[in-house]
Amino acid sequence: MNAAQILAEWGDAREAFDHPDAIAALAGITPVTKASGKQRGVSFRWACNKRLRLAITTFAANSRFSSPWAADIYDRARASGKDHPHATRILARAWIRVMWRCWQNSTPYDPTLHAGAQQHTHQQAAA
C-alpha cells in the first residue's frame, strides 16, 4: 500500500527529476535554507507535496524494523539529538537516494548491491 502511495505521488516521468534532491525537496524531506548577508537560517519545509512526504516518511519509519542499514541511520540520527520526526526525515532522504537510483536504472532494490547495506552486513559478520 505504501509503495503505491509513493509511486502515485512521485509519478513515472524519469526525466522530470534529474537528481534525488529534487524528489527530496518535492517531498519536503530537505530543509529550507535562507541566507542574507551574514545571517543564515535553516527551517522546516512547509511548501511541499504532503502526501508524498507522509508516504516516504511512513516507509522510512517502518523500514528500520526490517533493514539493519536503515535502523543504523535512524539510530545515529537519534543519538545526535534529533527527535523522531527529524530522524525519520533523515532516513527518508537516504531511501530517496536509493529509490531514485533504482528508478533511473529500472532495477529493483537489491540489498546485496547497496553499498550502505553491504557495509553494515560486513560489520555484523565481523563482530
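Which residues in H3 meet which residues in H5? The close-ups below, taken from a predicted model, start with that contact.

**View 1. Helix H3 packs against helix H5 (residues 84–105).**
On the H3 side, look for Ile56, Thr57, Phe59, Ala60, Ala61 and Ser63; they meet Thr88, Arg89, Leu91, Ala92, Trp95, Ile96 and Met99 in H5. Sorted by class, the residues of this contact are nine nonpolar, three polar and one charged. The two axes lie 8 Å apart, at an angle of about 100 degrees. Angles of 65 to 115 degrees count as roughly perpendicular, so that is how H3 sits relative to H5.

**View 2. Helix H1 (residues 2–10) crosses helix H3 (residues 50–63).**
Here the axes come within 9 Å and cross at roughly 145 degrees, and the crossing is left-handed. H1 brings Asn2, Gln5, Ile6, Glu9 and Trp10 to the contact, while H3 brings Arg51, Leu52, Ala55, Ile56, Thr58 and Phe59. Six of these residues are nonpolar, three are polar and two are charged.

**View 3. Strands S1 (residues 32–36) and S2 form a hairpin.**
The two strands run antiparallel and are joined by five bridges. Two residues separate the strands, and in the turn Gly37 has a positive phi of about 65 degrees.

**View 4. Strand S2 (residues 39–43) lies largely in the open.**
Why is S2 described this way? Of its five residues, the number buried is zero, so the strand is largely in the open.

Methods:
Residues are numbered from 1 along each chain as its sequence is written. This is a predicted model: local features need pLDDT of at least 70, side-chain atom pairs count only at pLDDT 80 or more; totals for chains, interfaces and linings use all residues. Side-chain values use heavy atoms; hydrogens and water are left out. Axes are lines fitted to C-alpha atoms, for helices over the stretch in contact, and angles run from 0 to 180 degrees between N-to-C directions. Helices (H or I, at least four residues) and strands (E, at least two) are DSSP runs, numbered from the N terminus. A crossing is left-handed if the near helix is turned anticlockwise from the far one by less than a right angle, and right-handed if clockwise. Contact means heavy atoms within 4.5 Å. Ala, Val, Leu, Ile, Met, Phe, Trp, Tyr, Cys and Pro count as nonpolar, Asp, Glu, Lys and Arg as charged, and the others, Gly among them, as polar. Buried means under 20% relative accessible area, exposed over 50%, partly exposed in between (1.4 Å probe, protein chains only). Two strands pair if DSSP finds at least two bridges between them. Angles under 35 degrees count as roughly parallel, over 145 as roughly antiparallel, 65 to 115 as roughly perpendicular and the rest as oblique.
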